[in-house]
Amino acid sequence: MKKLVLATNNQAKAIEIMALLSNCKLQLLSLQDFPGFKMPEEDCTTFTGNAIKKAVAVSNFTGLPAMADDSGLEVDFLGGRPGVHSARYAGIGSSDGENNALLLKELDGVPPAKRGACFKCVIAIVLPGSAAKTVEGICRGRIAEVAQGKGGFGYDPLFIYEEEGITFAQMTGTAKSKVSHRGIALRKACNLLKEIL
Ligand code: IMP
């Protein structure tokens with residue numbers, strides 16, 4: 001069976017990714033299988049740049065095909081912020097709660113019609129000795145005025161998926177994956193892996 005290393009230290013993401021790639025007939029390895037590896041800094045200005053940087057670093061270190069994602073939330077009213085800074089929106093090492101609190105503060109008084117946002121996810125796949133290939137998933141929604149739901153991670157309690165009228169944190173993992181930026185990108189990645197591996 002072909003091996004693929006998932007280049008993420010985020011356990012919640014790794015679980016979502018492994019579930020979605022389970023029918024891809026691959027032996028999935030995580031960074032826990034490579035204890036000496038140190039993830040490079042995500043200092044690029046685009047999701048694509050960061051995803052490629054991580055996948056290249058992991059493939060070079062392991063000598064194996066690697067897959068990395070970079071994702072985040074772009075809020076229309078904030079001109080696309082927090083974007084690539086989503087994980088550290090309220091400062092380096094900030095918690096999901098702190099990031100969500102800052103987002104609510106920045107959107108204080110902004111009416112629902114102007115609270116549009118999207119989650120974006122770019123996945124990069126790197127085979128040793130080959131150039132990176134990327135796929136993208138986008139999911140549009142709206143930022144809630146109060147946090148709702150207990151599931152998921154990150155901005156999920158504030159991201160209302162319009163079709164259902166509930167936040168990602170109120171959806172099951174399976175329901176979220178069917179419509180989420182990461183789910184869309186992963187299904188594209190799965191098709192790409194079938195072609196290139
Ligand atoms: P990354 O690990 O550099 O891709 O950072 C992504 C950050 O964007 C996370 O730490 C979250 O704050 C946010 N994010 C990305 N995807 C999601 C999602 O599916 N739900 C909630 N927040 C997300």
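I started with pockets, so the criteria go down before the result: on a 1 Å grid over the protein atoms alone, a pocket is an open set of points with protein on both sides within 12 Å along at least five of seven lines, probed at 1.4 Å. I count a molecule as sitting in one if more than half of its atoms lie within 2 Å of its grid points. By that test, the space the ligand takes is the largest pocket.

Caveats for myself: this is a predicted model, with local features needing pLDDT of at least 70 and side-chain atom pairs pLDDT 80 or more, while totals for chains, interfaces and linings use all residues. Residues are numbered from 1 along each chain as its sequence is written, and side-chain values use heavy atoms, leaving out hydrogens and water.

I found 15 residues around the ligand, with Lys 13, Glu 42, Asp 156, Lys 176 and Arg 182 the closest. By class I get six charged (Asp, Glu, Lys, Arg), five polar and four nonpolar residues (Ala, Val, Leu, Ile, Met, Phe, Trp, Tyr, Cys, Pro; the others, Gly among them, are polar). Strand 3 gives the most, three residues; strands here are DSSP E runs of at least two residues, and helices are H or I runs of at least four.

Polar contacts came next (N or O pairs within 3.5 Å). Glu 42 puts a polar side-chain atom 2.7 Å from a ligand oxygen. Arg 182 has one 2.8 Å from a ligand nitrogen, and for His 181 I noted 3.1 Å from a side-chain N or O to a ligand nitrogen.

Last, I checked the backbone: the peptide bond from Arg 81 to Pro 82 is cis, omega near -5°. I placed Pro 82 in the loop between strand 3 and helix 3 (96–106).

Definitions and conventions:
A residue is near a molecule or strand if one of its heavy atoms lies within 4 Å of it. A polar contact is a pair of N or O atoms within 3.5 Å; within protein, one must be able to donate a hydrogen and the other to accept it, and residues adjacent in sequence count only if both atoms are side-chain atoms. On a 1 Å grid over the protein atoms alone, a cavity is a set of points where a 1.4 Å probe fits but cannot get out, and a pocket is an open set with protein on both sides within 12 Å along at least five of seven lines; lining residues have an atom within 4 Å of a point.
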